[in-house]
Amino acid sequence: MSITPSGYGAFSLDTVRNRQSTSRILDMKASFTDLQRQLSTGKLSDTYEGLGAGRAKSLDVRQTLTALSGYAQTIQDATARTGVADLALTRMEKIGSDLSKSLVLSAYELDSNGQTLQQKAAKSNLQETIDLLNQDYAGRSLFAGRAADKKAVTVDADTMIAGIKAAIAARKTNDGGTAANPGRLTIATAGSVVTVTAPAPAVAPAPTYGLQLSAPKSFDFSATTPTDGQSFSMDVLMPDGATSTVRVVARSVVPSPDAGAGEISFLIGGSGAVTAGAFNTAMTSAVTALTTSADFSAASSVAGAKDYFADTANWYGGDTSATPRASATARVDEDQTVGLGMEASEPAFQNLLAQLGVFAAESFSTTVATDGDRYAALKTRVSDQIRNPVVPASPIAGKAYTIQSAHTDLALGQVAVKEAKQRNTDTQAQLENALSSVEDVTTESVAAQLLAVQNQLQASYQTTSMLSKLSLVNYL
Amino acid sequence: MSLTSALGNSLSGLRATQAQMEVISGNVSNAGTQGYSRRSAVTVETVNGSGTGGVRIEGIIRLLDSVLQKELRTETSGSGYTAAKASYASQLSNVFGQPGSSSALTSMMGSFTNALQALQSDPSNASARTAALNAAGSLARGINTASRNIQDLRANAESAIGADVTRVNALLKGIAASDARVAATQGKDAGLLDQRDAQINELATLIDVKVTDGPFGTVSLATGAGLRLYDTGSPAQFSFDQRPMSATALYDIDPAKRAVGTITMTDQSGRTVDVLGQGLIRSGEIAALVEMRDKSLVDAQAQLDTLAASLASAASTRQQAGVAVGTSGFEVDTAGLKPGNAITISATVGGVARTISIVSLTSGTLPANATPDPNDLEIGASFTSGPAGALASVQSQLDAAFGAGKFTVSNTGSTLRIVDDGAAGTTDVTGMSAGITATASSGTPGSAALPLFVDAAGGNVAYTGSLDGGVSQRAGFASRIGLNSSLSASDLVVYSPTTPAGDDTRPKALLDALTKAATPFTAVGGVGTTASPYTGTVSDYLNRIVDVQGSNAESAKRLDEGQQVVQASIESRFSETSGVSVDQELANLVQIQNAYSANARIMSAVKEMMDLLMRM
């Protein structure tokens, strides 16, 4: 409380006393008004000056509260977003599992288009999967990575199937190779050594046709002569990446009475070179047998579908990044960022699209005797690859190879968001208390102070009025 | 003894009581007059040859405690100082708005960071982009407004100084006139003394005044610091050259560089003295106004400038990382280095970690503490023709600081390389980076840095912190900071032609730069010290400014309240001696009335006795 002295001069005792008591009363009146303001606003002060020691706390707490309100917005947004993505992923999982279940019981009954019931269902499932991948939340594409304004899948099921068909046709033309190079392998004999080599892989996204070997394979007959019944095998990679084994058996008599069903054998010759020549012929037939099998045809079809999907320009409109989860983030706390992004180009989604696509793209004919086997091989492959997608030996970290793993990532994100929400709510409550303790007043204490000032003021008014009457002037 | 002399005595008594009556009536009538000090009639016995010859009035004196009067004047100056300071400090604190109000600068900063948070979680959202851009614009305008309010306060102080100087001149002339009359009456006329003292007291509210008594009741006046204000017959006269105010208008003792008004005293011989430059006024309202104009408000502006500069730099600075060259050096690509940008080199010299800052400086000399880091070696060099043009200068300054052969600089195109003394091992370069201001929203190399805020005074001029030609771009930047008008909302996200719409790189970088990256701030006005600068985020720094200014206002208010109490108590004590109390005067009146009656009674008794004698 201040006592306003005169600027200068006025030294009359009465005047000074009068003025000083007036200024005391005015000060009391001012504090009365301020208390009234405190009571009506609930705030200690309406200036930073008046906050006193609590000022720094008020500023810092307010800053944190502002940030928390931002995080709360983000959390709300992230929760809704993950909800939508969760539904889409759940449905995709179901499509996969339903298809693979129905394939177990699928009968080879073709309609007029040369397709089974399950194949037609696969087509509508493909369209549904495309729609699910194109889903957006509040204008943001959920499966397009950072290209949130783009559709994840740019084509519809028909276009996709047409593309897959073309890719399968290219596969069918090229995968088998020629009579001399079955499965595009080169089987060469040099002296008593037979070497099998695969052509160098093409540069992606151009497809690498034919069979592949993990390494060139050599069979040397110079030192040891094979014994009757000794089998020679070679692991090859089918066009779709699955492993298959080609086996030939050495025989002293061809055809051998001991030969098993479908055995391809070669005659053990008098010299290594002769044996090698026979081996070459047998191996060529064995590889040719493989490339004309229903299994190879199915693998070729699946590979065709993969070829189509390998070039994302064919169908993917989104952005591809090294870490798809980080392509859409929710910053739920100062130091915690939850990745919620998904990219349709991740192997998991590509695989589902490819399996549905290839299954829907193929057609069969009752007039072709081998088509029954081809269908069976295709359905086994599709069913297998939906249930257990091929995961390469060295998977790219951060990308999902199964829908389940993408779903797990999302669920972990949901949990993190939820935990952050709880944590932030708790922090916010505490900070609001802290802010209240420096900025707010309690009604009780203000009311008590108000009463005290009111009493003082009344007493001052009374004594001032009494004093003013007490002058000798009135008694002379 | 005779009846005649008795008659004479009582007659003199009547005269004396009449004179006393006059004094009392004067006191009562002037009870409310400013500067009036209580008078008292001094009566003395008139002595003639045979004894008492009655009473006479020797004079009318002022009842005044001169020690208290001096004290009161000192405190009056103090009050003038604290009152003006409290008023301005409070207004300055209010520049930053009310706690929690949406117009407060801290709230605008909060809105901007919130908008960036929203943008980070949804970068492709067009309305989130626009909201962030608008919030940035509001923040820039908020800083402009705060800067303008501070300059308005400085302009108010400037014109108040002008008005006060005019008043000081008038008062000094008035004091001179009164003093001349006091001298003429040998200091006997209480009214003249009161008139002069009232003017001195008023002067004391404006300026600190030391009064020295001279002969014949005259006085001479000087300020506490020895500035002569008045000597008999010659009042000092002051002039004030008021100037228009701006953020870069500062006081300088050199008249050529001074951009605000100063108080000049011209003495009788025509010599002029820059009173402010010499620090000759230390208290009173003028001292407070000058302190606000040249220190407190300038500091507040500098704090805002630092805030604005940090804000602009945080958004626009691209950190170009250095690359190790073998085991003995580092190199960094300086392409795009702007004046004011710095290349920072970490090194150990003789086992002690050192930081070397090479600041791009096109012209002029590098001022001390060009970077906030108090311990770095600061080198200024011109990069106008790339590192090649800077090599010689940098090398010679490094040699001067550490000795020849300790560090060697070289360049390949725009890449600057620094290598240590290699095998000798007394120096070791451990790191290098360059902070380069981005001037376009996208470009090569694509980076998250965005020139969101620019120096809007000359169009969209990039803020680089240039120190060229002795002019700091930071000075007054708060008044010029603006949103880069060449940006569109999409630039808040898109930093290269292939940036996907949902890429949160840039929003995240902007948000982190504002709320996460702790950087040191140049110490100014109580936020940090030069030796230990305040380190925090841009948002934190704003909070500290508001805190410091609030605290300044609060302590100025406390000081003023304390000062007013002190002054009031001295004033009360002073008034007890020299002030008029009507009660006391009336009590005296009763006494005088009685004395008058008694004297009259004696006269009538003498008359009766005379009559008795006549009837005999």
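Strand E7 (residues 237-240) of chain B runs antiparallel to strand E8 (residues 263-266) of chain B, and four bridges link them. Gln237(B) has Thr266(B) as its bridge partner in E8(B).

**Strand pairs in chain B**

E8(B) also pairs with strand E9 (residues 272-274) of chain B, antiparallel, through three bridges. Here Met265(B) is bridged to Val273(B) in E9(B). Five residues lie between the strands of the E8(B) and E9(B) hairpin. In that hairpin Gly270(B) takes a positive phi near 85 degrees.

Another hairpin is built from E16(B) and E17(B), with two residues between the strands. Gly413(B) takes a positive phi near 60 degrees there. Strand E16 (residues 408-412) and strand E17 (residues 415-419) of chain B run antiparallel and share five bridges. Val409(B) faces Ile418(B) in E17(B).

The pairs described here, with one from the next section, can be set side by side.

| Strand pair | Sense | Bridges |
|---|---|---|
| E7(B) and E8(B) | antiparallel | four |
| E8(B) and E9(B) | antiparallel | three |
| E16(B) and E17(B) | antiparallel | five |
| E19(B) and E21(B) | antiparallel | three |

**A three-stranded sheet**

Chain B also holds an open sheet of three strands in the order E20-E19-E21, paired antiparallel. Which strands stand at the edges? They are strand E20 (461-462) and strand E21 (481-483) of chain B. Each has a single partner strand, so one side of each lacks a neighbour in the sheet. Strand E19 (residues 453-455) of chain B joins E21(B) by three bridges in the antiparallel sense. Val454(B) has Gly482(B) as its bridge partner in E21(B).

**Chain A: extent and domains**

Chain A contains 10 helices and 10 strands. Its C-alpha trace spans about 160 × 55 × 35 Å along the principal axes. The radius of gyration of chain A is 42 Å, whereas a compact globule of 476 residues would have one near 23 Å.

Chain A divides into domain 1 (91-154 + 316-413) and domain 2 (186-289). Taken over C-alpha atoms, the centres of domain 1 and domain 2 of chain A are 37 Å apart.

**Annotated spans**

An unreviewed UniProt entry places "domain: Flagellin N-terminal" at residues 23-146 of chain A. In the model, that span of chain A is 70% helix and 3% strand. Its end C-alpha atoms lie 68 Å apart.

For chain B, an unreviewed UniProt entry lists "domain: Flagellar hook-associated protein FlgK helical" at residues 90-325. This span of chain B is 56% helix and 14% strand, with 56 Å between its end C-alpha atoms.

**Where the chains meet**

How many residues of chain A are in contact with chain B? There are 57, and they meet 66 residues of chain B. Helix H1 (13-41), helix H2 (55-105) and strand E9 (329-331) of chain A each supply at least two residues of the side that touches chain B. H2(A) gives the most, with 16 residues. By type, this side of chain A divides into 21 nonpolar, 22 polar and 14 charged residues.

**Confidence**

The predictor gives the complex an ipTM of 0.81 and a pTM of 0.85. Chain B averages a pLDDT of 91, and 99% of its residues score at least 70. Where pLDDT is low, predicted coordinates should not be read in detail.

Methods:
Residues numbered from 1 in each chain as written. Chains lettered and ligands numbered in written order. Predicted model: local features only at pLDDT ≥ 70, side-chain atom pairs only at ≥ 80, totals over all residues. Domains from an automatic or database assignment. UniProt positions renumbered as here; feature names shortened; annotations may be inferred. Contact = placed C-beta atoms within 7 Å. Nonpolar A, V, L, I, M, F, W, Y, C, P; charged D, E, K, R; others polar. Pairing = 2+ DSSP bridges. pLDDT = per-residue confidence, 0-100. Rg over C-alpha atoms; globule rule 2.2 N^0.38 Å.
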